[in-house]
Amino acid sequence: MMITSGFVVILLAIGLRNIEAEEHGNDFDAIKGCKQYNTEMGYDEPLYYIPTNTLNNTVDHGEFKYYKIGVLGTNDGVIRLSNYMYPYDKNVTEIVVGSHWNTRSGGRTQYRTSSNEYKNTDMVRALTPNMLNPFRPVMLKLKLWVDGKKEVFHDGHDYPFLGFMDTQKLPVNYMAFTRRNLTLVFFYDCPM
């Protein structure tokens, strides 16, 4: 059996292409199995609050729960945590990643009135330059403690880049996603 040099070159090219794909991977593989939420509603609009007890991939350790979330976009990804589906005239906790044009992240309490006026009280801020990316999802892991402690990790890291104590110890029964000015895509209920 005779093998032509053209056939060998094709096989070699296919093999190298597969090796290259394995080395670089696909950043979007990280969102496989996640649900998707597009932030059509802005920061000041009524949001859809997702009941956390309907999420399939929450890891519950009794004293704390883990949630894996991805964010795709340029800046100001807001994760709003509440113990009510319609949290007007009540406090919520906000975790903001990539704020101030993608230079900072923070945790805060927000009180929003039924007339949609709000007051934010910062609990922590951290410099996180270039946290978000419009070309690949940034995968985060939230660790929410029963005692009110909240920590945010890059998925796969052992130490949080953001941590704070919510002294109100609000239970997280609902979760919402929003943005300040530019549309974002959130991926939630992701497998651990």
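Hi everyone, a quick word on ground rules. The model is predicted, so local features need pLDDT of at least 70 and side-chain atom pairs count only at pLDDT 80 or more, while totals for chains, interfaces and linings use all residues. Residues are numbered from 1 along each chain as its sequence is written, and side-chain values use heavy atoms, with hydrogens and water left out.

Let's begin with the overall picture. The protein has two helices and 13 strands; these are DSSP runs numbered from the N terminus, H or I of at least four residues for helices and E of at least two for strands. Of its 192 residues, 44% are buried, where buried means under 20% relative accessible area, exposed means over 50%, and partly exposed is in between, with a 1.4 Å probe and protein chains only.

Now, how many disulfides does a search of the whole structure find? It finds one, with a disulfide taken as a pair of cysteine sulfur atoms within 2.5 Å. The partners are Cys-34 and Cys-190, at 2.0 Å from S to S. They sit in distant parts of the chain, 156 residues apart: Cys-34 is in the loop between helix H1 (5–24) and strand S1 (35–38), and Cys-190 is in the segment after strand S13 (185–188). The torsion about the S-S bond is about 125°, so this disulfide is right-handed. Both ends count as buried, Cys-34 at 17% relative accessibility and Cys-190 at 1%.

On to the sheet. It is open, has six strands in the order S2-S12-S5-S6-S7-S8, and its pairing is antiparallel. Strand S2 (50–51) and S8 are the edges, each pairing on one side only. Two strands pair here if DSSP finds at least two bridges between them.

Let's walk across part of it. Strand S5 (residues 77–82) and S6 are antiparallel and share five bridges, with Ile-79 partnered by Ile-95 in S6. Strand S6 (residues 90–98) is then joined to S7 by seven antiparallel bridges, and Glu-94 has Arg-108 in S7 as its partner.

Is S7 largely enclosed or open? Seven of its nine residues (104–112) are buried, so S7 is largely enclosed by the rest of the structure. On the S8 side, nine bridges join S7 to strand S8 (residues 118–127), again antiparallel, and Arg-104 is paired with Leu-127. S7 and S8 form a hairpin with five residues between them, and in the turn Asn-116 has a positive phi of about 70°.

Last stop: Thr-52, in the loop between S2 and strand S3 (59–60). Thr-52 is buried, with a relative accessible area of 9%. Where does its side chain reach? It comes to 2.9 Å from the backbone oxygen of Val-172. Leaving aside residues up to four places away in sequence, Thr-52 touches Thr-58, Tyr-67, Val-172, Asn-173, Tyr-174 and Met-175.

How values were computed: A polar contact is a pair of N or O atoms within 3.5 Å; within protein, one must be able to donate a hydrogen and the other to accept it, and residues adjacent in sequence count only if both atoms are side-chain atoms. Contact means heavy atoms within 4.5 Å.
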